[in-house]
Amino acid sequence: MPDTSVPAPLAGLRVIELGQLIAGPFCAQLLGDFGAEIIKVEAPDAPDPARGWGAAKKDGQSLFWPIIARNKKSLTLNLRTSEGQTILKQLAETADVLVENFRPGTLERWGLGPDVLHALNPRLVIARISGYGQTGPESAKAGYASVGEAKGGLRYMIGEPDRLPARAGVSLGDTMTGTFAALGTMMALFSREKTGKGQVVDAAIYESVMAFIESIIPEYALAGHTRERTGPILPRVAPSGVYPCADGMVIIGANQDTLFRRLAEMIGADWADDPRYATHDARGDNQLELDEKIAAWTGEHTVADVLAQCETNAVPCGPVNTARDMLEDAHIKAREAIIRVAHPMLGEVPMQGVFPKLSDTPGRVDHAGPALGADTATILSTLGVDASEQARLRNKGVI
């Protein structure tokens, strides 16, 4: 477990999170994992919909919220009111970072744009996450991860070639953008150490996705090649794919010549000297045929047997894990890649741990996602808002 006596690397950093759902909150989650104080702002009458998200619930409780809101404080504040906007400005004066993922122009309509906030706090870093970015002809459009994944070229390549594009079972576009926003925030903070000034971090979903599409743009522009959907394989990279076993499936990656020779010897085949498979290009020419032969061998063995043989022969191979498999995986346990966090209603909630791992100042999870407004009174008190004023604001629906 992380040493709680060692200050986390972002300890002392105050972050205001105005985001909702995934992209903005994931950015703040990453910062909170490494010690930043995260103050999540939600409207008292319209909290973050993520509080109810998840494919399954336990006792009516979201199993997504404890993760995406971990390490955060909850402040209710109606930013559509002048009094709520005034309090947000006071809070911004005390902060290092503000994260938001509203449609571009929303903060400006509330009188909370970067020009206003930087006048109050020139050192503030403002991370703005949106579907299309803060500028350009489409900037004002609503943008969700699914749309950004399509605009950025990722969706076109996912799935089987004879079917409509598929999607991953999670919101990749959101988490990709949240990650880039966190990276941009850290760059801006590093720059602030030299200049003393904050700045705006503009993170668009579609551009975050484009960062992951490798060389498909110059492949088309310079070579006239359009990558198509190829199912579970990469064309001409063989063998490297999913192979069925008697009781499940495995991934084998042995597309390098030396690895392929070891795989062939392990199976007891003379493929390594067969001109159809001896070189990378030859294996690419005969990829489907080669995969069928490997699948015929793996199909006669259990997952455990294939994994053991591949480990003995130094052939890269791994299981295709479900959540159940990951919870039982010895390596995942040893690395504490899944941790268990206390929750007042759910008991212990298993969730992915903090990553990446820092040797001297690791991050940690201190608590799961908070109840709505759990920290409102405490936070407002630090701004000089006394109990009677808080009661008045609560009666007016400001907090």
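Colleague: Is C245 buried or exposed?
Modeller: This is a predicted model. C245 has a relative accessibility of 10%. The cut-off for buried is under 20%. Since 10% falls under that cut-off, C245 counts as buried.

Colleague: How many disulfides does the rule give?
Modeller: A disulfide needs two cysteine sulfur atoms within 2.5 Å. By this rule, the count is zero.

Colleague: Which cysteine has the nearest sulfur to that of C245, and how far away is it?
Modeller: C245 is in no disulfide. The limit is 2.5 Å. The nearest cysteine sulfur belongs to C317, at a distance of 7.3 Å.

Colleague: What is the distance from C317 to the nearest cysteine sulfur?
Modeller: C317 is in no disulfide either. The pair would have to be within 2.5 Å. The nearest cysteine sulfur is that of C310, and the distance is 3.8 Å.

Colleague: How does C317 count by accessibility?
Modeller: Its relative accessibility is 25%. Buried means under 20% and exposed means over 50%. The value lies in between, so C317 counts as partly exposed.

Colleague: What is the strand order in the open sheet of three strands?
Modeller: The pairing is antiparallel. Strand 9 (240–245) and strand 11 (317–319) are the edge strands, each pairing on one side only. From one strand to the next, the twist averages 30 degrees. The order is 9-10-11.

Colleague: Which residue is the bridge partner of Y243 in strand 10?
Modeller: Strand 9 pairs with strand 10 (residues 248–253) in the antiparallel sense. Six bridges make up this pairing. The partner of Y243 in strand 10 is V250.

Colleague: At what angle does helix 13 run to strand 10?
Modeller: Helix 13 covers residues 303–312. It lies across strand 9, strand 10 and strand 11. Its angle to strand 10 is about 20 degrees.

Colleague: Why is strand 5 largely enclosed by the rest of the structure?
Modeller: Strand 5 spans residues 72–76. It is largely enclosed because of its buried residues, which number four of the five.

Colleague: Which residue of strand 5 stands opposite I38?
Modeller: Strand 2 (residues 37–42) and strand 5 run parallel. Five bridges join them. Opposite I38 stands K72.

Note on methods. Residues numbered from 1 in each chain as written. Predicted model: local features only at pLDDT ≥ 70, side-chain atom pairs only at ≥ 80, totals over all residues. Heavy atoms only, no water. Pairing = 2+ DSSP bridges. Helix = DSSP H or I, 4+ residues; strand = E, 2+ residues; numbered from the N terminus. Axes fitted to C-alpha atoms, helices over the stretch in contact; angles between N-to-C directions. Contact = heavy atoms within 4.5 Å. Buried < 20%, exposed > 50% of the residue type's maximum accessible area, 1.4 Å probe, protein only.
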